[in-house]
Every structure is written in structure tokens, then in C-alpha cells.
Amino acid sequence: MTEKTREELLQIDFTPPATSWMDPHIDFEARRGSWSYPGAPKNLRYMGFPNPREWSPTDADWKLPPNWKEIIFEGMRDLLSKFRSFKVFMDICVRCGACADKCHFYLGSGDPKNMPVLRAELLRSVYRKDFTTAGKILGSLAGGRELTLEVIKEWFYYFYQCTECRRCSVFCPYGIDTAEITMMARELLNLVGININWAVEPIANCHRTGNHLGIQPHTFKDNIEFLMDELEEVTGVRVEPSINRKGAEILFVVPSADYFADPGIYTFMGYLLLFHQLGLDYTLSAYASEGGNFGLFTSHETIKKLNYKIYHEAKRLGVKWILGGECGHMWRVLHQYMDTMNGPADFLEVPKSPITGTVFSHAASTRTVHICEFTADLIRHGKVKLDPSRNDHWRVTFHDSCNPARALGLFEEPRYILKSVCRSFYEMPENTIREQTFCCAGGAGLGNDENMEARLRGGFPRANAVQYVRDRYGVNLMSCICAIDRATLTTLVEYWAPEVKVSGVHELVGNALVVDGEKDRTTDLRGQPLAGREEGNADV
Amino acid sequence: MSFIWSLVLFWGLVALALLGVTGAGLESLFGIWIPYAAVGIFIGGVIARVVGWARSPVPFRITTTCGQQKSLPFIRHARLDNPASGLGAAMRMALEVLAFRSLFRNTKAHLTEDKRLVYGSEKYLWAGALAFHWAFLVILVRHYRFFSEPVPAVIGWLQGLDGFFEVGLPVIYATDVVILAALAYLLGRRLLDARLRYFSLAADYFPLFLLLGVAGSGVLLRYVWKTDITRVKELAVGLASFSPVLPEGLGATFYVHLFLVCALLAYFPFSKLTHMAGVFLSPTRNLANSNRARRHINPWNPPVIGHTYAEWEEEFRDKLKAAGIPLDRE
């Protein structure tokens with residue numbers, strides 16, 4: 001935890017400094033708490049990433065290759081020729097300022113370079129200087145800036161202080177997407193070996209073992225069995241999921257945190273309990289054991305490399321379609337990248353719910369369905385019996401995770417589920433939900449401990465909206481559909497709104513779901529006593 | 001600093017035109033050759049820009065969704081903010097271009113004394129931008145009367161509508177007032193808002209000065225130092241029909257007006273003003289969110305494969321066996 005108190009963090013000064021933003025200097029020593037540790041050489045080596053070495057942002061010498069400048073320029077040329085988005089976004093910004101106060105990092109820090117417009121200008125100024133006629137002739141008068149080592153260091157600081165949440169792109173009159181610009185900048189930085197360990201270690205793990213956490217197949221199985229033991233204790237029902245089973249109808253892919261850490265594990269129990277009750281013919285895979293994809297925070301090639309295993313495994317197992325768990329950036333990849341990168345999925349069938357018969361025609365090409373779409377459809381058709389009173393100890397709000405919100409538009413499905421499985425549901429203020437939702441500030445590889453001050457500052461707009469519903473409606477649970485949220489929001493609310501807990505949506509489904517042969521439940525999946533049934537819990 | 005530079009540059013252009021026609025007698029340069037060159041640069045430059053953008057492919061469909069997706073039949077789909085088809089995307093684009101829909105969402109965040117973040121509606125930028133762009137378009141269309149004989153009826157109607165209030169003589173056009181007010185607002189906010197001033201470049205002030213100069217000199221020509229519009233029309237028709245004639249007595253103000261228009265045209269393709277064309281090519285707005293329904297093709301999709309199952313099984317064979325997880329090769 002950061003040493004700073006809430007009062008100290010909230011001394012936010014929005015007055016811009018006297019010096020020009022074109023001065024790139026950053027004192028990394030003074031800004032400890034707002035940057036992440038560099039990628040460890042072993043991880044870079046394992047992935048074949050350039051320039052593996054030991055270094056620290058506080059070093060004067062970042063040990064870049066001697067021709068680093070050429071590499072960056074060559075990389076920029078390459079990306080400009082491959083991505084129209086990059087080219088257009090470099091050229092058309094009018095600096096109207098509509099995006100300025102839309103970024104959670106800006107709102108929480110007051111640092112002007114966290115305004116999306118300036119974050120982009122950090123890169124755009126170099127582009128102008130070396131890739132446009134006006135910039136070549138007029139230099140700084142045309143907003144051009146020399147690419148120096150200081151600029152590279154500044155890029156590292158600010159492009160690893162953007163969670164690629166895309167909130168600014170909702171407000172931009174031209175749809176300029178800072179996530180896209182950050183992705184380009186990170187791709188360029190990676191070319192000279194500048195990255196963060198919290199992104200490259202999960203990548204190396206995922207490439208090797210199949211998941212970000214580096215969980216090997218036997219541990220994968222053990223973890224799941226342990227969770228099923230816990231589930232049995234609560235419900236009296238033994239759930240026996242299959243792993244790597246050929247011929248199953250559905251391959252179920254989840255973010256690895258769901259079978260590894262609190263509170264994601266309760267969501268995982270919820271999924272599997274639901275499937276058990278439905279008698280769904282599905283399998284988990286110890287190989288495709290990660291839906292998330294930290295390649296998204298590194299380079300397009302890495303996205304493709306890590307995403308490869310999902311279709312590859314679906315094909316090997318001979319399943320008909322893929323069901324995906326609750327995870328934010330995983331769903332951006334499954335929705336916007338997977339089919340293009342690793343498709344076509346012509347060996348799969350158009351997904352059809354075996355329970356309701358609903359054909360998910362909106363997923364006719366990727367053949368991949370979101371668990372919330374699947375469950376909302378079940379509830380709508382009355383195929384599950386629910387007892388929402390088992391969630392009466394929770395007063396629930398819903399946090400729209402950035403990617404399901406702004407890359408899919410998955411707004412109503414989770415809300416429909418939540419309103420069916422619990423009886424106290426309250427929305428946060430309208431400027432902080434749906435497409436205007438605020439990031440947890442720990443996405444895009446930034447959810448590490450050394451970056452805590454930036455996370456707490458960037459998370460303040462989200463937490464502030466949580467405080468509002470807590471104080472007004474007594475909300476004590478923030479539900480969400482993202483594994484990174486479940487990990488990082490937990491830290492965030494501990495700091496800003498300690499009475500509030502964080503859960504997945506399917507944890508609450510698991511609580512409410514009436515399962516054949518279950519015992520009289522006295523606790524929720526967490527083992528906490530249910531409201532009004534405390535007496536039954538006396539023996540625990 | 002960037003403000004001063006652009007102001008100096010702007011007045012330099014005004015002075016150049018004044019000296020050119022009153023001092024050096026270069027009417028044919030300023031009346032004929034510069035306008036032709038400027039139009040040429042404008043057309044060629046914009047085409048080059050658009051072709052430049054279009055030459056880079058759109059490898060991924062990265063729509064920014066601002067409403068409910070099309071998924072289950074019982075859930076209401078936001079057709080405009082999350083289009084599922086090309087038609088929907090075209091409608092979203094049309095609203096974006098004609099009504100600045102995204103800018104309409106604008107809010108202003110404010111941290112209160114008791115440390116609460118509140119968000120107010122902030123429509124001024126939207127209103128100012130929309131007012132400027134529409135007034136500019138109407139004025140542009142109105143100018144068509146200088147280039148055609150007879151003047152199309154539509155232009156006459158537009159003029160009538162624009163002068164609807166029938167105030168002053170000659171009648172004051174509403175758009176003349178609106179454009180000056182809107183430009184003054186757009187410049188004023190850049191100067192008065194510390195945040196905006198901090199990141200504004202010379203390239204942000206300069207086009208505002210040019211536009212203010214063009215509109216201002218145009219207003220002077222119509223209402224104050226009135227120019228002989230039959231002679232202006234003679235010049236315009238000549239230019240448009242590629243048989244230019246240079247009428248006498250057009251006056252220095254007219255040449256300043258024309259030269260600033262030329263500067264604007266020539267500057268356009270090299271500046272942020274290209275957003276006019278670029279907005280149509282923005283992949284977060286002009287694509288339907290149909291990613292899972294229809295496959296999007298990346299023309300340069302690299303032949304990358306990940307860690308294959310066979311390799312993985314090989315690496316973890318013993319552990320898989322011990323855990324009783326089925327293997328492909330025993």
C-alpha cells in the first residue's frame with residue numbers, strides 16, 4: 001500500500017505547470033509509485049523480444065541498442081503503413097480538449113500529460129517532426145519535437161500510465177482512440193527492449209504453460225478440485241468438471257485468475273455450479289487455460305501468438321463452439337481480434353444453446369459466446385430456478401468493465417442477470433457507467449504493487465462513484481465481469497471505500513441458483529452467512 | 001508564444017496582400033495566379049492526404065461502442081451508438097459529421113471542496129463548433145452566386161433565409177454574425193482556459209486567425225467598405241471558366257479577403273483542418289460492431305503461430321500423466 005493518505009492523494013492541482021509540455025524530463029526517483037518495473041531479461045529471452053537486459057527507469061543509461069533511433073523510426077514507418085488508425089489519429093486531432101478531463105489518470109493526478117490529447121501529442125510531436133512536411137521545415141513551430149532519449153523515457157512513463165480503457169475515444173469528435181495510440185507506442189518501445197515485467201512475465205508464462213499465472217496442468221487440475229471441494233461444502237453438491245476432454249460440445253475458456261485467486265474463484269464456482277445444474281456438455285482445457293491476453297498490452301504479434309491456442313485447442317478437442325468467462329480485455333481480444341488473427345473458425349458450428357435452443361447469430365463467425373449472453377438467455381427462458389433472497393446480504397452495484405463496455409457494448413446482459421439473482425441493485429451515477437464507465441486503473445499491465453500510487457489516483461474516479469452509492473444506498477458489493485477488475489478493484493475499494501467488496505456476476509448467480517440435490521444453504525459461496533439464516537451457521 | 005507566432009504570421013499575410021496590390025501593383029498575381037495555385041494545392045493536397053490514409057489498411061475492426069450491442073432478441077439494441085450493419089455505421093457517421101454527436105456527450109468534471117467528482121453537462125464546445133461549421137458551409141454555398149450566371153434559385157432561397165431577420169441595409173446575414181461569434185468563442189476558450197492554452201499549438205491558433213480574417217474581411221466588404229459585386233463576379237466567373245479577366249477597382253480589402261481564402265486553401269491539406277476528410281476514415285466510428293458475426297480480414301495478417309498443443313503436451317507430459325489428464329500421444 002502507498003504511504004500517502006487519502007487526503008494527501010486528493011490534493012490534486014489541475015493548474016498546468018509554467019514549463020512547456022515539450023520538455024520531456026521525468027524524475028523517476030521522485031515519481032516512485034507511478035511506474036512499473038521493467039521486463040525481466042529471462043522473460044524477454046523466452047519470448048524472443050529484443051534487447052533483454054537488467055535495467056531500471058531510475059538509471060541514467062537505459063542500455064538501448066546504439067541504433068535505437070533508427071529502430072524507432074523504422075518501426076513508426078512500418079506501423080503507419082499497416083494501421084490506418086495510427087496514421088489518421090496522428091493527423092487529424094484538432095486539440096479541442098473534449099478528451100482532457102475524461103481520463104481517470106488525469107482526474108486523479110492533475111498531471112497534464114495524462115490528458116489524452118497530450119498523451120497522444122507525446123508521440124504525435126515526434127511524428128510531426130520527422131514524418132510531415134510542415135514539421136520537417138518548421139520544427140517546434142509546427143508542434144514538432146526531436147526524438148531524444150529523454151522523450152523515450154517520457155514515453156515509457158506515460159504510455160505505461162494509460163490503461164487502454166478507451167473512455168476518451170467515446171468523447172472524441174473524430175473517435176481518436178488513445179488505446180490505439182498507446183498500443184502503437186508500446187509496440188515501438190518494445191522494439192528497443194522497453195517494457196514492463198507485469199506485462200511480459202504473464203506473456204512468457206502464458207506462452208509456456210497456457211496461462212498468465214504460469215499454472216502447470218497438474219496444478220490446474222488440483223486448484224479446480226480444491227475449488228470443487230469448497231463448493232461441495234457450501235452446496236452439498238459435487239461438481240466434476242472435465243479437463244481436455246475430446247468430443248465435448250463446448251470449450252469453456254476463463255481468465256486464469258478465476259481458478260487461482262479470491263474473489264475470482266467464487267465466480268468460477270458460480271460458472272461450474274450453473275453448468276452442473278444444466279448438465280452442460282463442456283470441457284475446460286489445461287492448455288487453453290487463459291482467456292486473457294497480455295499481448296494486447298505489448299504488440300499485435302504477441303496478441304496473435306497467445307490467442308492462437310484457443311482455436312487450436314477447440315479444433316483439437318472437436319468442440320462445436322466456445323464459451324468465454326468473465327474477463328474484460330480477454331473479450332476485447334476474442335471479439336475484435338481473434339477471428340481476424342487466428343480464424344476462420346470454420347471447424348466450429350454457429351453457437352446454439354443446448355438448453356434453450358437459442359442460436360447466437362451475433363457470434364456466427366467467431367463462434368464464441370460470452371457467459372453473460374448465455375446465462376441471460378437461460379434466465380429469460382426460465383431454464384434456471386433462482387432464489388435471489390440468498391443474495392440479500394449484498395446491496396449490489398455494477399461496474400462496467402472498459403472492454404466489454406466500449407469494445408462490445410455488453411451492457412444489459414449482466415444487468416439482466418444481476419436483477420434476476422439479487423434484490424437490491426443500484427446504479428452508480430450515469431456519467432460513470434456504461435460507455436462512460438471509469439477504469440479500475442490497473443488494466444493494461446499496470447495492476448502491480450510498485451505502481452500503486454498511480455493505481456489509487458487513477459482509480460479515484462471509479463472509487464468516488466462507489467462511495468456515492470455506498471453512502472446513498474448502502475451498497476456493499478461491486479459486481480463486475482472482468483478478472484483484472486476483481487483483482488485491482490479489491491485493492492482500490494479497500495483504500496477508498498473499505499466497506500465495499502468486489503465480485504463477479506456469476507458468483508451471485510451461484511449463490512441464487514437452486515441446484516438439484518443441494519443442502520439447505522446457510523452461507524454464500526464465500527462461506528459468509530446468508531442474511532436471515534445466520535442461526536443455521538452456528539456450527540461453523 | 002505559439003499564439004504570438006501565429007498572429008505575426010497572420011498579419012504578415014495581410015500585409016503581403018496589401019503591399020502586393022497597393023504598392024507593387026501585383027493584382028494579376030493576387031487575383032488570378034495565387035487563387036489558381038491555392039485551389040490546385042487544396043485539391044491535390046487533400047487527395048494526396050486521403051490516398052495516403054487509404055493506402056494503409058484497416059487490419060482490425062476496432063469500433064468504439066457507445067451503446068448496447070446487438071445480441072439477444074429481448075435486449076434492445078442501440079442501432080446508432082453500436083451499429084451492427086454498414087447502414088447503421090453510415091447513420092452513425094452521418095450524425096457524427098452533421099450533428100457532432102460525440103461532442104454532444106461532452107461533460108465537465110469538477111472536484112468539489114469535499115472531494116467529490118461531479119460531472120456537469122458541457123455543451124458550449126459542441127454548440128460553438130456546430131455553429132461555426134454550419135455557418136461556414138452556408139456562407140460557402142452562398143458564395144456560389146459569384147460564380148454562376150444565372151444564380152440558381154436554391155442559392156437565392158438560401159440567401160433569403162439567411163437574411164430572414166431583414167435587419168440593416170444591406171440585410172445582415174445571420175451566418176455572418178454566427179460565424180464571427182463562434183470563431184471568437186473558439187479562440188477565446190483557447191486563450192482563457194489554462195488547460196487548453198497549455199497544449200494549444202501555433203497550428204491551433206493560426207487557422208482560427210485565418211478564418212477570422214476571411215470572415216472579418218468579408219463582412220467589411222459587404223457592410224462597410226462595400227465592394228462592387230458585379231466586378232467581383234466578373235473576376236469569379238472568369239476564374240471559374242478558365243478565361244480570367246482582371247476588373248479594375250476591386251479594392252485592397254477585396255484582395256486581402258481573397259488572399260486569406262487562398263492561404264486557407266493552401267494551408268488546409270498540411271494542417272489539422274484535414275479532419276474534415278479524416279473523420280470519414282476513423283475506424284472507431286465508421287465500422288459496424290459486427291466482429292463476431294462477420295469475419296474481418298487483415299491483408300497483412302502475419303503467419304505467426306503460438307505454442308502448439310503438441311509442444312505443450314511434450315513439455316508437460318509427465319505432469320499430465322500424473323494428473324490423469326488425457327494425452328494425444330501416450
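The following conversation concerns a predicted model and covers a sheet in chain A and the build of chain B.

User: Which strands make up the open sheet in chain A, and in what order?

Analyst: In this predicted model, the open sheet of chain A consists of 3 strands in the order E5-E6-E7, and their pairing is parallel.

User: Which strands stand at the edges?

Analyst: Those are strand E5, residues 396-399, and strand E7, residues 501-504, of chain A. Each has a single partner strand, so one side of each is left without a neighbour in the sheet.

User: And how many degrees does the twist average from one strand to the next?

Analyst: The twist averages 35 degrees from one strand to the next.

User: How many bridges join E6(A) to E7(A)?

Analyst: Strand E6 of chain A, residues 477-480, is joined to E7(A) by 4 bridges, and the two run parallel. One pairing involves Leu477(A), whose bridge partner in E7(A) is Lys501(A).

User: Turning to chain B, how many helices and strands are there?

Analyst: Chain B contains 14 helices and 2 strands.

User: Why is chain B described as more spread out than a compact globule?

Analyst: Its radius of gyration is 28 Å, whereas the globule rule gives 20 Å for 330 residues; the value for chain B is well over that, so chain B is more spread out than a compact globule. Along its principal axes, the C-alpha trace of chain B spans about 100 × 55 × 45 Å.

User: What percentage of chain B counts as buried?

Analyst: Of its 330 residues, 36% count as buried.

User: What about contacts in chain B between residues at least 6 apart in sequence?

Analyst: Among those contacts, 64% join residues at least 24 apart.

Conventions. Residues are numbered from 1 along each chain as its sequence is written. Chains are lettered from A and ligands numbered from 1 in the order in which they are written. This is a predicted model: local features need pLDDT of at least 70, side-chain atom pairs count only at pLDDT 80 or more; totals for chains, interfaces and linings use all residues. Two strands pair if DSSP finds at least two bridges between them. Axes are lines fitted to C-alpha atoms, for helices over the stretch in contact, and angles run from 0 to 180 degrees between N-to-C directions. The radius of gyration is taken over C-alpha atoms; the globule rule is 2.2 Å times the number of residues to the power 0.38. A residue is buried if 20 or more other C-beta atoms lie within 10 Å of its own, exposed if 12 or fewer, and partly exposed in between; C-beta atoms are placed from the backbone. Two residues are in contact if their C-beta atoms, placed from the backbone, lie within 7 Å.
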